Amino acid sequence: MNGEHKIIVKLFRYNPQVDKQSYYATYEVPWKEGMTLLEVLNYIYENYEPIAFRYYCRCGVCGTCGVMLNGQPVLACRTYINRVEEIIVEPLKNFNVIRDLVIDRRSMLERTIKLEPWLIRRPKREALERISWSLGELDKFYLLMSCRECYLCRAACPAAEVGFKKPELTQYPGAKFYIRDLATRLLDPRDEDKQSRLLKLKEEIDAYACTTCKKCWEVCPREFEIPEIMEELRALIAKAGLGPLEGHKTFADYIVKTGRSIERQTTPLLEQVPEVVEVPDPVDEVLFFTGCLIDYRLQNVGLSAIEVLKRNSVRVVVPKEQQCCGSPAIRSGLVEVGRAQALKNVEIFESYGIKKVVMGCPGCLLTWKLNYPRYIMEERGRLPNLEVYELTEYLVKVIGLNRLNKNLGEINMTTTYHDSCHLRRGCGIWKEPREIINLIPGLKFKEMKEHDVCCGSGGGVRAGRRPVSVEIGKRKADNIVATNVDGVLMECPFCYIQIRDMLNQFYGGKVKVFYLIDLIAEAYRRAEG
Amino acid sequence: MSKVRNVETDVLVIGGGAAGMRAAIAARDLGVEVVLLDKGVIGRSGVSGTLPYWNVPAPLIPEDQDKYFDDLMKKSHGLANPRLLKVLVAEARDVVAELEDFGNIFLRDALGDVSPTHANGHSEARVLTPAYSWVMSMQLFKRGVKVFDETFAASLIKHEGRVAGALAINLKDGELLAVKSKATILATGGFGHLFGMSMKPWRSVNPIELTGDGHALAYEAGAELVDMEFHQSIFESQYASSIGQTSISTALALAKAFRVSITFDEAPSLHHCLGGVIIDDHGRTNVPGLYACGEVAGGLHLRSTDQLIGCLVFGKKAGETAAKEMISIDLPSKHVEKEVDRVLSVLYNSPREPIPPFMLKKKLTSIMWEKVALVKTEESLKEALRAVYEIKNLLPKVYVRDKSMLFNKEWIEALEVYNMVTVAEIVIRASLLRRESRGVFRRIDYPASDDRYLGNFYVKKVGGEMVLEFRASLVDPAK
C-alpha cells in the first residue's frame, strides 16, 4: 500500500433555478477496491456538497440510478469503478435534466401510458383461467416483463437521439417502449387488441427508425436480445399487412424475382472471377460468399478479398449459383423471403464439400451466423454443415497472426476505423480488424469518438426512413472529421456507401473512405514494389 | 414565503407500493377522485416495487382457507388479530386473480393451469408467481388516478379531530403541495431503514425510502400503533424453518455459526416490519378520516412472505372503505401554514455546530442496528434509548446545506430523521417492555417465551406523551 489512490470525478452540475447553464465540477474521491459508481456519488454527496442524484434500491432492480459514465449509459449501483485516474459522470443522454444527474422521466411515463400496456379483453374471463402456451413463450414473456425501466437503452440509442433532438424527423423513443409495453402484450395470448398495438408500433414508436445496431442490447441490464425482438415485431407488422415500408418491399421483390436484392448495373463480380481460384501448395480452401453489394456494386472489394486469400495460399471457390443472403427481407420483417434464401444458399454451399465460408459483408455474415442455423434447424432438423468467417476473422483466427503473410508494402496515411454494428455487436468481431490494421507498415491509427456507434444505414433505415438515417450518419461524419485523419476504414458495404455519402454531403469528401479489405490487398500489391 | 400549490381530491393515498396502488385503484373504481403521493418513482417504488417480481400466496380452493389461516396464526406466534386474518384468507384469491386481469400471467403447468409453489411456513403450495409492480402502476393511469411521484408527504393535517389532508414536497417541481382530501390512506411501507445504511454495509435490503414516515405521521395524528418491536431479518427468513419455535439459544448458536452476523457488519439484514398502525377489518385506523394498509398497518403480524397478500387485500379494503366514508371538511389555512413553516424552517435552519442530516441518520441507524435490531438486552435497549434521546436533542442542529427546493434529497433526509427518531423511540420502548423472546423478537436476557406476554403492546400519543399499553392476545394459545 503506497498511499490511497484518488479518482478525479468530473461531474455534470445544473440547477435550473440557480445556474444560467450547466457546468462540470471536479471532486477527488478516495478509491476502494469494489467501489461502485453509486458509492462514488454518495461520497461526493456526503463529503463535498449535496449533488442531486437518484437511487432507491441500490441493487439494480428499481432502475432509477442510470447515468452516463465516460459517455456510456450505466446503472450506478451495478457499476464497479476501476483504479483509474479520472471519470466523467453525466445525466443520461436523450433526456431533459431536472437537476444535476436527475433526469426527467415524466415524458417517458406519458409515452408509456399512451401505449396502453395493460391487458385488453372483453368480456372478462373466469379468474386464473387455463392458458396454454409453450414454456419458451412464457419465459420470453417473463423476461420482457422484468424490464427495469432504466432507460439505458434510450440513452444509448442513435435513433432515439434523433427523436430527442429533432422530433420532427422521428418519434422513436428507444427499446423499452416496444420491449416492455408492446411486445409483452403481443406475446400475451389473452390480449385482444393486437392489431392496434401493431399500428402503435409502426406509427407511434416508428419501428422502422431502429437501425438494429444493438447498442441497447450492449447496455441493457436484463440483456434483452433487443434487435432480434424488433425484427420479430417487424415480422408481425408485415404479417398483419401493416408493413414494411415501400423502400423495403423493393428489396424483397428483387430477391424473389432475381435472387439479388438490388438492380444489376455493371458486370457482377461473379462474372469477373473464375469459379475456382487455384494457388500453389494451398494451406486451406474456402468458399467465398459475395453478398449483393459486393457482387453488384463494390466488385473491387470482392477482388481484393480473393487477392488477400490468394496471398495467404488459400484456395478460393466462388459458387456461381449463390444468391442474396436474405438479410434485407429479414431485417424489415419479411422472414419467409429470408428463409427461402437460407435454404437455397446452404444447399449450394454444402454441395461443394468445403466447410469454411468466408465473406466480406457483415450484414450477410450476421444472417449466416444468426438466422441461418435457426432456419435450417427448423426446416431440416440439423445445423448447416458450414463454418462462417468474416475475412479478417478468418485471417486472424484460422490462418493465425504468426502464419499470416506479412509481406506488406507501406501505406503512409493516418486512419481511423468505424466498427460496423453487425460485425462488432452482431458477431463479436472488433479486435481482428484492428490487429490487421496494426500490421500494415506506415499506417498510423487513431481511434475516433463513438467509433462503435451506428452510421445510420442499418436495419433498413437508409432505405425506409432516410431523414433519420442522414441525421445519424451526419454525426458519424462529424466524428470522423474531428479525428483529423486522411482516411476512414470499415468493413461493411452499407457503412461504406453511407459514410462515403455523408462525408461527401457534409464535408465535400474531406476524408477518404476505404474498405479495409481493399487496403490490405493494396499493401500486398505494394510489397511487390 | 414559498408558494403552496393547492390540490383537492376525494381520496388521498400516501404511498405508491403494492398497498397504496391497490387502495387507489379500489377507491377510483367506486367513482371518486383519487390523488396518490409516492416518495419514489411510481411503479418502481417501495419494497414491492424493488422486488424483481412478486410471489403472492393465496388459498386457491376454499378448503385451503382454514389451513392458510392456521399457518398465518402459527407464524404470528399468537399475536395476529384473527379477525383481520379471516378477512385476508377469505379475499386473497380474488385480489390475486385480479393481478392477472391487470396484465400479469402466473406460472402455468403443462395443462395450462396455474401452478402454485411452496414457501416457508406454508403447509400447502399456494404461492403464485410472478407478478410485476409496474403492471399495477399502469392500472392507476388507465383509471385516471392522479399520481404525484417523488413527492414526500411531510405531515398530515387535521381539522376538528379528523384528518383533512396532507402537506407534501414535490421534488421534481420543487414545490409544496397542500392536498385537501375527504379521506386519507397511509400506505408508506415499513421502517427497515431505521436499521439500515444507504451504502455498504446495507443492513437493510429495503429501498432507501423505507424510513417509517407513515408510522410517525400516524403517531403524531393520534393513531394507535402495535407490535412495533417486531422486525424480521433475512437471517430470520432463511433460518426460520430450522429454528421453529424460536429459542434464543438456537438463535445464538446459529449466530455463532455465522460469525459475520455477530460482527453486525454484513449479513444478516433487516427487511420487514411486522407491526404498525392498528387497523380494523375495513382498514380504518382509530383516527377519523385516516386509513392504513400494507406494511405500515399493524395487527396482521404478517411475515415477509405473506406481506404482499396483506398489501393487496387490505389495500383494496382501505380504498373501498375510504371512498365510502368520505367527509368533506376544510383544510384550514392556518394549519397548512404552520406545517409549511415547519418544513421550511428545517430547510432554512442555520444552527451553530450544524450537522448534515445524513450524519444524524447514520448515527441513529448505527445505534438501532447494534443495540436493537437483532439480539438485544435490557442494557442494550436502555443505552439505545438514551442515545435516541440525545439524537432527538440534536435535531435542532440539523443543517440542510442545499437551500434549493428542486430535487433536494437532503431536505427530505432531514425531515425523515425527525420521523425516524419518533419511530425509534417507539420501537425501543416497546422492546423494553416485552421481557421475553417470541417469534422474530429475541432478547438475550429473556430467551424463552413467556405466556404473560401473549399479547400486543399498543403505542399512542396522549396529551403529548408516548403511552404504551399491553393488551392480551385475542386468541387462546391452547387452540
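In chain B, four strands form an open sheet in the order E1-E9-E8-E7, with mixed pairing. Strands here are DSSP runs of E with at least two residues, helices are runs of H or I with at least four, and both are numbered from the N terminus. Two strands pair if DSSP finds at least two bridges between them. The edge strands of chain B, E1 (4–8) and E7 (151–159), each pair on one side only. From one strand to the next, the twist averages 25 degrees.

This is a predicted model, in which local features need pLDDT of at least 70 and side-chain atom pairs count only at pLDDT 80 or more, while totals for chains, interfaces and linings use all residues. Residues are numbered from 1 along each chain as its sequence is written, and chains are lettered from A and ligands numbered from 1 in the order in which they are written.

E7(B) runs antiparallel to strand E8 (residues 162–170) of chain B, and 8 bridges join the two. Within this pair, Phe152(B) stands opposite Ile169(B) of E8(B). Helix H11 (residues 333–348) of chain B packs on the sheet, where it touches E1, E7, E8 and strand E9 (175–180). The direction of H11(B) makes about 145 degrees with that of E7(B); axes are lines fitted to C-alpha atoms, for helices over the stretch in contact, and angles run from 0 to 180 degrees between N-to-C directions.

Now to the two chains together. In chain A, 37 residues are in contact with 43 residues of chain B, contact being C-beta atoms, placed from the backbone, within 7 Å. H3(A) gives the most to the side of chain A that touches chain B, with 4 residues.

Technical notes:
Contact = placed C-beta atoms within 7 Å.
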